[in-house]
Amino acid sequence: MIEINRTLSIGILFLGLVLAALPSYGADSATVKTMEEYLDFVDYGGATIFPEQIPSEDWKRFYVIDARDADQYQKDHIPGSINIEWRQVLAKRAELPKDKPVLIYCNTGSLSAQAGFALRVAGMDNVRILQGGYSEWKSKGGFDANRRASLPAKH
């Protein structure tokens with residue numbers, strides 16, 4: 001019992017040291033102020049767009065980023081998309097078009113929302129986040145989601 005308590009105490013001490021060594025991003029007040037200003041004026045949807053809001057013929061207008069890792073992208077992706085892993089998107093923002101809408105997605109929309117938020121705070125207001133990500137796009141019919149959503153309800 002004493003050995004278990006000792007091991008547990010060492011583990012907790014180690015975890016505390018690791019957490020203390022992590023950088024604090026909240027200390028940069030200019031960054032926090034920029035995010036506050038962005039959130040003051042962003043529309044309620046936060047730049048998200050649902051798959052059914054995009055008519056099939058409009059998909060070619062978008063520069064589509066698959067923000068998942070390369071293995072997931074290789075297995076399947078939205079045709080025409082390019083792969084930039086979500087943690088790299090901000091660093092590669094100079095490569096992204098500014099004259100056309102940029103649509104970013106991941107599996108469910110959570111990681112791409114973080115990347116999209118960073119891009120928008122960095123001044124790229126042409127970025128939209130695909131609500132529900134790849135899984136929702138696929139389940140709603142992919143490029144055909146808009147047409148399917150427009151069909152009369154079946155009884």
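These legends walk through several close-up views of a predicted model.

**View 1. An open sheet of 5 strands****.**
Let us begin with the sheet, whose strands follow the order β1-β5-β4-β2-β3 and pair in parallel. At the edges you will find β1 (48-49) and β3 (82-83), each of which pairs on one side only. With this order in mind, the next views can be read strand by strand.

**View 2. Strand β1 beside β5****.**
Here the edge strand β1 is joined to β5 by 2 bridges, and the two strands run parallel. To find your place, look for T48, which stands opposite I129 in β5.

**View 3. Strand β4 and its partners β5 and β2****.**
On one side, β4 is joined to β5 by 3 bridges, with the strands running parallel. A handy landmark for this pairing is L103, whose bridge partner in β5 is R128. Strand β4 (residues 102-105) also runs parallel to strand β2 (residues 63-66), and 4 bridges join the two. In that pairing, Y63 has V102 of β4 as its bridge partner.

**View 4. Helix α4 on the sheet****.**
Helix α4 (residues 110-121) packs on the sheet and touches both β4 and β5 (127-130). The direction of α4 makes about 170° with that of β5. Follow the chain through β4, α4 and β5 and you trace a right-handed β-α-β unit.

**View 5. Strands β2 and β3 with helix α3****.**
Strands β2 and β3 pair in the parallel sense over 2 bridges. Together with helix α3 (residues 70-75), β2 and β3 make a right-handed β-α-β unit.

**View 6. Helix α2 crossing helix α4****.**
Helix α4 returns in this view, now with helix α2 (residues 29-41). Their axes come within 10 Å and cross at roughly 95°, so α2 and α4 are roughly perpendicular to each other. From α2, the residues T34, M35, Y38 and L39 meet F117, R120 and V121 of α4. The residues of this contact divide into 5 nonpolar, 1 polar and 1 charged.

**View 7. An aromatic pair, W59 and W137****.**
Searching the whole structure gives 7 aromatic pairs, and one of them is formed by W59 and W137. Their ring centres are 6.2 Å apart and their planes stand at 70°, so this pair is edge-to-face. You will find W59 in the loop between β1 and β2, while W137 belongs to helix α5 (residues 133-139). The pair therefore ties together parts that are 78 residues apart in sequence.

Terms used: Residues numbered from 1 in each chain as written. Predicted model: local features only at pLDDT ≥ 70, side-chain atom pairs only at ≥ 80, totals over all residues. Heavy atoms only, no water. Axes fitted to C-alpha atoms, helices over the stretch in contact; angles between N-to-C directions. Parallel < 35°, antiparallel > 145°, perpendicular 65-115°, else oblique. Contact = heavy atoms within 4.5 Å. Nonpolar A, V, L, I, M, F, W, Y, C, P; charged D, E, K, R; others polar. Pairing = 2+ DSSP bridges. Right-handed = clockwise from strand over helix to strand, strands pointing away. Phe/Tyr/Trp six-rings, centres within 6.5 Å; stacked < 30°, edge-to-face > 60°.
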